[in-house]
Amino acid sequence: MTQFERMEAGLIYDPGDSEIMEAQMPYLDKLWEFNRLKPSDSEAKTRYMKEVFAECGDNCYIELPFYANWGGAHVHFGDWVYANFNLTLVDDGHIYVGDHVMFGPNVTIATANHPINEALRAKNYQYNKDVYIGENTWIGAGAVIVPGVHIGRNVVIGAGSVVTKDIPDNVVAVGNPCRILREVGEHDREFFYKDEPIDWHNLTKDS
């Protein structure tokens, strides 16, 4: 089994293997060019995501700069995904993002991990575990999601949280390590911030 095949299988492998580096470098060059686009170059941004990402749905938008180990080649976006500045995706493994997911600024999602065994780390070995984020989820500013985590649908992850374990559907979760604070409930359908009511009759945007 080659190092590339070991990488794809989620086994311990050498990320500096020549075959892997040869495959990875063109994506990093494309990413370098992508990060030099002007804010008004929305068509070029979309074209990059459609061409480079493993999957990219409709109406996705990324504020630059954007960072990814493979340029996003192992990233799967649904429809209407929005990413604020400095989204960092360590996409040596795959990252699956559902429809209508929002990322605050400075979010990091890592799929790559290194063994606890120091002899293996000394040889720069690593392994990757995929990350999944369900639809209609909001990842707050500065959050970190570690390898192998599954986050459910309709979830809010609080700013600065470090998500080390799976998070179920329909909850607000915060902290380091990230823990469930409460369920998303009826209050959230009536109020947008504390006790400030949602004026539904004035909100006419369809999406």
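How does Arg189 count at 48% relative accessibility, as buried, as exposed or as partly exposed? Arg189 counts as partly exposed, where buried means under 20% relative accessible area, exposed means over 50%, and partly exposed lies in between (1.4 Å probe, protein chains only). The views below come from a predicted model, in which local features need pLDDT of at least 70 and side-chain atom pairs count only at pLDDT 80 or more, while totals for chains, interfaces and linings use all residues. Residues are numbered from 1 along each chain as its sequence is written, and side-chain values use heavy atoms, with hydrogens and water left out.

View 1. Side chains of opposite charge can pair when their charged atoms come close. A salt bridge is a side-chain nitrogen of Lys or Arg within 4 Å of a carboxyl oxygen of Asp or Glu, and by this rule the count comes to four. One of them joins Arg189 to Glu186, with the closest N and O atoms 3.8 Å apart; because these two residues are three apart in helix α5, about one helical turn separates them. Another joins Arg182 to Asp188 at 2.9 Å between the closest N and O atoms, and here Arg182 is partly exposed at 39% relative accessible area, as is Asp188 at 26%. Lys50 and Asp58 also meet in a salt bridge, at 3.3 Å from N to O. Helices (H or I, at least four residues) and strands (E, at least two) are DSSP runs, numbered from the N terminus.

**View 2. The aromatic pair of Phe4 and Trp70.** Rings of Phe, Tyr and Trp (its six-membered ring) pair if their centres lie within 6.5 Å, and planes under 30 degrees apart count as stacked, over 60 as edge-to-face and the rest as tilted. The structure holds nine such aromatic pairs, including the edge-to-face pair of Phe4 and Trp70, with 6.4 Å from centre to centre and 85° between the planes. Phe4 lies in helix α1 (residues 3-8) and Trp70 in the loop between β3 (66-68) and β4 (75-77), so the pair ties together parts that are 66 residues apart in sequence. Both Phe4 and Trp70 are buried.

**View 3. The stacked rings of Phe34 and Tyr48.** The ring centres of Phe34 and Tyr48 are 4.0 Å apart and their planes lie at 10°, so this pair is stacked. Phe34 belongs to helix α2 (residues 18-34) and Tyr48 to helix α3 (residues 42-52), so the pair ties together parts that are 14 residues apart in sequence. Phe34 is buried, with a relative accessible area of 2%, and Tyr48 counts as buried at 8%. Ring pairs link Phe34 and Tyr48 with Phe53, Phe66 and Phe77 into a cluster.

**View 4. The largest nonpolar core.** A nonpolar core is a set of buried Ala, Val, Leu, Ile, Met, Phe, Trp, Tyr and Cys residues joined through side-chain atoms within 4.5 Å. Of the 38 residues in the largest core, Phe66, Phe77, Phe103, Ile151 and Ile157 touch the most other members. Among the elements that give two or more residues to this core are α2, β3, β4 and β18, while the largest share, three residues, comes from α3.
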